[in-house]
Amino acid sequence: MSAAHLQLDRQGRLLHFLTVEGLTRRHLTEILDTAESLHGVAERQVKKLPTLHGKTVVNLFFEASTRTRTTFELAAKRLSADVLNLNIATSSAVKGESLLDTLRNIEAMQCDMFVVRHEQSGAAEFIARHVKPHIAVLNAGDGRHAHPTQAMLDVFTIRRHKPDFPSLRVAIVGDLLHSRVARSLIHALNILGAGEIRVIAPRTLLPAQVETLGVQVFHDPRLGLREVDVVVMLRLQRERMEGALLPSESEFFQRYGLTEERLALAQPDAIVMHPGPINRGVEIDSRVADGPQSVILEQVTNGIAVRMAIMSITLGHHARSIGESA
Amino acid sequence: MQTVIQGGRVIDPARRIDVVADLFIVAGRIAGLGQAPTGFVADQIIDARNRIVCPGLIDLCARLREPGQEHKATIASESAAAAAGGITTLVCPPDTDPPIDEPAVVEWIRRRAKAAGQARVLTLGALTHRLHGERLAEMAALQEVGCVGVSDGGHPVANSRVLRRALEYAATFHLTVFLTPLDPELGHGLAHEGQIAARLGLSGIPVAAETGIIARDLELVRDLGVRVHFGRLSSARAVELIARAQAEGLPVTADAAIHQLHLSEIDLTGFDSRCHVHPPLRSLRDKEALRAGVADGVLGAICSDHQPHEPDAKQAPFGDTEPGISGLDTLLALSLRLVRDGVLPLPAVIERLTHGPARILGLDSGQLGVGAVADVCIFDPDIDWRLEPGDLRSRGRNSPFTGWEWQGRVTHTLLEGRIVYAAEGEN
């Protein structure tokens, strides 16, 4: 069974959120619309909703992350859930406990949702396959495979600025080979009917046959950025130099870094996005990152509403599915 | 002991025999076909009507996990699985722990196999000391105690100078060298570099990881004339390289693992760790080329590439699992499926499982001529069955083929004339 099916119940409702691939426009629109309705909560005096009152959400992070974990934590708390943060990267996995043993132990603590980040592609799916049926699993990033909540907050942000997807041109620039963000975003944009998705990178940073994901490949940003409405810059990890994928950060910036000059090739009202954390002067110039077209901080804010939406949708369906089968 | 196998369709590809006849066995050897040898009085009669009688299968690559990884399987457990699968000869690569790089290990394996008594276990000695690819192993001594060849044991020799000398030294003693062509650096990954790896976010292994090494090795063969066998090819381009080398007259042979003839990269969808193998499952086009290679004989043998694992080895996210499929139980059934799929006729499939591998090994077995050792497989080609996970005889339950439906199942296996397996309800 593929992840696309694993995350849906018999009625096709989301039980887990593991990958965007295989979902329908209806699924994504439900998430975006719910997020839109929750977006106002943060501006209210009292920022809490009772939706997940009495539920326990476990942040199960096998890979270090502060930002993503924090936004999930905040999202859960604004829905009145109890939150437990487990940083497994520095605890049991090191002592040789298997992933399944770790899962069994945490399951025994009577939790309702696992938010999982793991360095291996397919880990969230593996966990969803093995947890007790009452637990919802949200993928907070598995290896190079998927980061579906990030993709949803990205398309949420895009929709708020550019609601007409069929006329949209999006360019994704940088390290696509290692990027779970890019893979999920490409699926989400395709499902929502985005007009054109371009990827721009040197060949060493593109997976073989990347075009089969439904993108147009460019190696030259001077061509690829022309007249796009959205520019998504990806984070470049330092270790890529050691893997002989790139000669240096400065050469990457020279060729692919998003500068004001390059951004001028895009539509005048193009928005600039980045999943963060940004490397100033490596993939993006500070003047662009902090400039008027940048929506990078807005993405962070939107991430909370989107994650609240996904949490309440999956747990809501869980309650119903369990109720139906009982 | 005198045995007659009565009324079966005897297929002996080595001698192009395909006839319904009685097969007579005396003192562990074939004594006659069709006509009883003089003075024959049967002690044992096996009814083989409507069944196929063929030489016992010879499997060029089976990890028995002993010595060193007894938590996965043992020589005894896997010999029993082989017998149930109609396999009478297992060739064990040298990557045991300790590796087969000294005579004592060969002797130890032989003793364990003899004690188990269910299959003939042959060993490949190490090509280099400890399989480290740095110094030569004591190949002559290994040959002396019975190793049927030498091998890199799944750890290709990166250093071309060492490899050249190892091949040269092996050639001195007329040893066949069994190589597994996969560049250790370029082959470092989890899946075929293609659209499935791109989608799943798995690190890719390009075809060049295989073909680059084969091209290098073929140039060394051209210089040295050493007999080399390339095991477990995975790509169309590799089959092409081997075909060209054979056409030129180079002394090279090759085989395919049975799972490569039935699965492709698409089977990784859903991160199915049971399909995590090395070399990886490649494109449908590659699968078809491997099938064609088996059909036209460029790949002279089909092997199980048996790699039994304990459940934990596969119960993890894809990249944290160990590669390999438990293959002894399904070697014959999957091979018969090639006949149904129209890849090659039944006698040719049997050839790739018996006489083909025997020739690669330089052995006289894998045939049913008078005087040959009576290693025999009898199967009923019409039995329909389904493989349930609990049915696997191997201790390794890591098979992606559970739930598959088959036609054709072993009823008896004879090793040196002795019944080592009889299906339930058979005498």
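This report walks through a predicted model with chains A and B, from sheet to domains to helices and hairpin.

Residues are numbered from 1 along each chain as its sequence is written, and chains are lettered from A, with ligands numbered from 1, in the order in which they are written. Because the model is predicted, local features need pLDDT of at least 70 and side-chain atom pairs count only at pLDDT 80 or more, while totals for chains, interfaces and linings use all residues.

## A sheet in chain A

Let's start with the strands. Helices (H or I, at least four residues) and strands (E, at least two) are DSSP runs, numbered from the N terminus. Two strands pair if DSSP finds at least two bridges between them. In chain A, four strands make an open sheet with parallel pairing, in the order E2-E1-E3-E4. Strand E2 (82–87) and strand E4 (136–142) of chain A are at the edges with a single partner strand each, so one side of each has no neighbour in the sheet. On average, neighbouring strands of this sheet are turned by 15 degrees against each other, direction ignored; the axes behind such angles are lines fitted to C-alpha atoms, for helices over the stretch in contact, and angles run from 0 to 180 degrees between N-to-C directions. Within the sheet, A:Phe61 stands opposite A:Arg117 in E3(A).

## Two domains, two chains

An automatic or database domain assignment gives the domain bounds. Chain A has domain 1 (3–146 + 301–325) and domain 2 (148–298). Their centres, taken over C-alpha atoms, are 26 Å apart. The contact between them takes 28 residues from domain 1 of chain A and 22 residues from domain 2 of chain A, where contact means C-beta atoms, placed from the backbone, within 7 Å. On the domain 1 side, helix H13 (296–325) of chain A gives the largest share, six residues.

Chains A and B also touch: 20 residues from chain B and 24 residues from chain A take part. Helix H5 (residues 195–200) of chain B supplies the largest share of the chain B side, five residues.

Which residues of H8(B) are buried? They are B:Asp286, B:Lys287, B:Ala289, B:Leu290, B:Arg291, B:Gly293 and B:Val294. A residue is buried if 20 or more other C-beta atoms lie within 10 Å of its own, exposed if 12 or fewer, and partly exposed in between, with C-beta atoms placed from the backbone. The buried residues of H8(B) pack against elements including helix H7 (236–247) and strand E15 (252–257) of chain B. After H8(B) comes B:Gly297, with a positive phi near 90 degrees.

In chain A, 12 of the 14 residues of H6(A) are buried, so this helix is largely enclosed by the rest of the structure. Among them are A:Met152, A:Leu153 and A:Phe156.

The expected span of a helix is 1.5 Å times one less than its number of residues.

| Helix | Residues in helix | Expected span | End-to-end C-alpha distance |
|---|---|---|---|
| H8(B), residues 284–296 | 13 residues | 18 Å | 18 Å |

## A hairpin in chain B

Finally, look at the antiparallel strands of chain B. Strand E17 (residues 376–386) of chain B is joined to strand E18 (residues 405–415) of chain B by eight bridges, and B:Trp385 has B:Trp406 in E18(B) as its bridge partner. Four bridges link E18(B) to strand E19 (residues 418–422) of chain B. E18(B) and E19(B) form a hairpin with two residues between them, and B:Glu416 in the turn has a positive phi of about 50 degrees.

Conventions
Contact = placed C-beta atoms within 7 Å.
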